[in-house]
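Biologist: Could you take me through the strands of this model in some detail, and in particular how they pair and turn? I would also like to hear how that part sits alongside the contact between the chains.

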Amino acid sequence: MPRRSDLEHKALQFISRTSDEGVLQVDLWHQLKASSREGSRIAIKLENKGFIRRERELFGGRWTYRLYPKKEPVSIISIKNCPCLICSDSIRCGAYGAISPNVCERLTTWAINLIHEKKSVPGDP
Amino acid sequence: MVNDETLVKVAETLGEEDAVEIILTLKDAGEITDDQIANETGIRLNFVRKILYKLYDHSIVSLRRSRDQETGWFIFHWKLQPDQVEGFILGQKRNVLGKLNTRLSYENNHDFYYCGTPGCKRTPFEEAVETLFKCPTCDKPMNHFDNREVVEVLSEKVTQLRKELGEESAAL
């Protein structure tokens, strides 16, 4: 049997993907092959942690909940190619040090690449 | 919480293609030993361990140690901690934001001169005066370099990161 935290993670991933449409609680547990008892407990837990919001909905003559993601999943895309991310000098790098973002050529190249990318996007002024 | 796509991107950032395979194996396996990962992925054991320790340094994987009853050697059991990935990404974003802020303020407060030769560096005014506006690398004359575009992209990135970190109000 999968552990509760694993199910929680899977459930949250699934709910995150539904964005504005949300997902019916009953559909989600079918998808994750969990029992409804286990499912509703996880939904409450996720709601208490502030990850999702639950809204009551009448479905097939029975009351259930529709689950909506509350938080955008964290993404690394905005910094993915930034040289500071994997820089081995990061700890020693500071404004007044010998190694500094001010004179870092890798950072300059990255900024210039960003300018080129921006220029190559059609319709972008 | 992060999705699988982000997990893969973090792995790519930290340790090339092999790290992606290792993270995907860890994700499916729950708890697994380094030996098993090497067997499943075909990646050399020492490289598997190197990547695992790198991931461990960032708390993306956890480690449990047990002793082999027959040989007496330690066995290391590894487990992916997807919950920690969010903290790792946010920490990295804060770090990058700090560096970009420093650079942005430097770009805003300096005038640059450049010879136009690929591979040569831009020189701030104070240093360009000392070399009589000649490039210290190729000796060609340097002209004023308009850094407005650099300032613009850096400002945009700083704003984007502040927004992602929920620091918009602090920036105002």
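Modeller: Happy to! Let me start at a turn in chain A: two residues lie between the strands in the hairpin of β2(A) and β3(A), and there A:Gly60 has a positive phi near 60°. Please keep in mind that this is a predicted model.

Now for the strands of chain B. β2(B), residues 61-67, and β3(B) are antiparallel partners joined by seven bridges, and one pairing to look at is B:Arg65 with its bridge partner B:Phe76 in β3(B). The hairpin of these two strands has six residues between them, and B:Gly72 takes a positive phi near 85° in it. β3(B), which spans residues 74-80, pairs with β1(B), residues 31-33, as well; that pairing is antiparallel and has three bridges. In it, B:Glu31 finds its bridge partner in B:Lys79 of β3(B).

The domain assignment divides chain B into domain 1, residues 4-80, and domain 2, residues 86-166. Taken over C-alpha atoms, the centres of domain 1 and domain 2 of chain B are 38 Å apart.

That leaves the contact between the chains, where 27 residues of chain B meet 27 residues of chain A. On the chain B side, the elements that give two or more residues are α1 (4-29), α4 (82-109) and α6 (148-164) of chain B. Of these, α4(B) supplies the largest share, with twelve residues. By type, the chain B side of this contact consists of twelve nonpolar, seven polar and eight charged residues.

Note on methods: Residues numbered from 1 in each chain as written. Chains lettered and ligands numbered in written order. Predicted model: local features only at pLDDT ≥ 70, side-chain atom pairs only at ≥ 80, totals over all residues. Contact = placed C-beta atoms within 7 Å. Helix = DSSP H or I, 4+ residues; strand = E, 2+ residues; numbered from the N terminus. Nonpolar A, V, L, I, M, F, W, Y, C, P; charged D, E, K, R; others polar. Domains from an automatic or database assignment. Pairing = 2+ DSSP bridges.
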